[in-house]
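Work through the following exercises with the model at hand, and compare each solution with what you find.

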Amino acid sequence: MGASVLTISPGRPFRASVTTFGALVWSGFRRYATYRQATIAGSFTNIVFGFLRCYVLLAVAAGAVGNRPGGYDVEQLATYVWVGQGLLAVTGIWGWTELADRIRTGDIASDLLRPVPPVVSYLAADLGRALHGTLTRFLGPVLVGLLFFPLASPHRWQTFPLFVLSVGLAVLGSFGCRFLVNATAYWLQDARGPQMLWTLGSGVLAGLYFPLRLLPEWLTVTLWVATPLPGLLQTPLDVLVERDSPALQAGLVALQAIWAVLLLWLASVVQRRAERKLVVQGG
């Protein structure tokens, strides 16, 4: 069970490992595709909150000097809100408690007997979830935003590929954070406390409720460098609305990549250490 995040099973051919990983991704996609009514309800909820958030930020812009709070114009703010509402289901920063639940009940023991390490199997399933969210819950809020508000369109050729890369890194970073929060159950048995703190803090520090650029500059820079949370939502949205210069756009995505690699490595380390200390209740 000591395999690294990048190795699915020691000694197996690379092609077999890729096939296994792809099957796990597809399994995760099919799992979430089963809940059609939940998908529709979630999209509707995101759209309703999109109207609320958008009108609040537009009111802030109307009262700001030059109508540019935090350096965003009205179109950039509207785009920030509606694309952000669509990305919520893609990055999935909330709601995942499966690992903690399986640790609490002892079902994690069956995961440890499988040939695929838990970090890899849960990551693959989460990528399937993210793909499902992209295809089913991303476009709805964006299309509604286009119908009712003026949205900003990128002017630089590199913006769209950087945005796609940034979203992918946000998914990896979100998974790493959620895995670490859930993994506290290895030591606490009940991870509801850390999960509640994560739910309360991640939305604010990821830039969901308001752009972090509205905060003092020193605090914004500190959050970006010292925590991975702005990379979960704020970075891809800032890249898309071209809030910064091309060089700074690329720098923010590079910082995302560093945090994504670090989080996946930490998840692997924590999992290996937990396996050496794990006591399955009742087993």
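**Exercise 1.** In this predicted model, determine which residues of α2 are buried, and which helices are included in what covers them.

Solution. The buried residues of α2 are T39, G42, S43, N46, I47, G50, R53, C54, L57 and A61. An α-helix has 3.6 residues a turn, so residues three or four places apart point the same way. The cover over the buried residues of α2 includes α1 (14-33), α3 (74-91), α6 (118-136) and α7 (139-148).

**Exercise 2.** Check whether the end-to-end distance of helix α2 (residues 36-63) agrees with its number of residues.

Solution. With 28 residues at 1.5 Å a residue, α2 should span 40 Å. The C-alpha atoms at its ends are 41 Å apart, which agrees with that expectation.

**Exercise 3.** Classify the ring pair formed by W96 and F175, and locate its two members in the chain.

Solution. The structure holds 12 aromatic pairs. In the pair of W96 and F175, the ring centres are 6.2 Å apart and the planes lie at 50°, so the pair is tilted. Because W96 belongs to the loop between α3 and α4 (98-105) and F175 to helix α8 (residues 159-183), the pair ties together parts that are 79 residues apart in sequence. W96 is buried at a relative accessible area of 13%, and F175 is buried at 0%.

Technical notes
Residues numbered from 1 in each chain as written. Predicted model: local features only at pLDDT ≥ 70, side-chain atom pairs only at ≥ 80, totals over all residues. Heavy atoms only, no water. Helix = DSSP H or I, 4+ residues; strand = E, 2+ residues; numbered from the N terminus. Expected span 1.5 Å × (residues − 1). Buried < 20%, exposed > 50% of the residue type's maximum accessible area, 1.4 Å probe, protein only. Contact = heavy atoms within 4.5 Å. Phe/Tyr/Trp six-rings, centres within 6.5 Å; stacked < 30°, edge-to-face > 60°.
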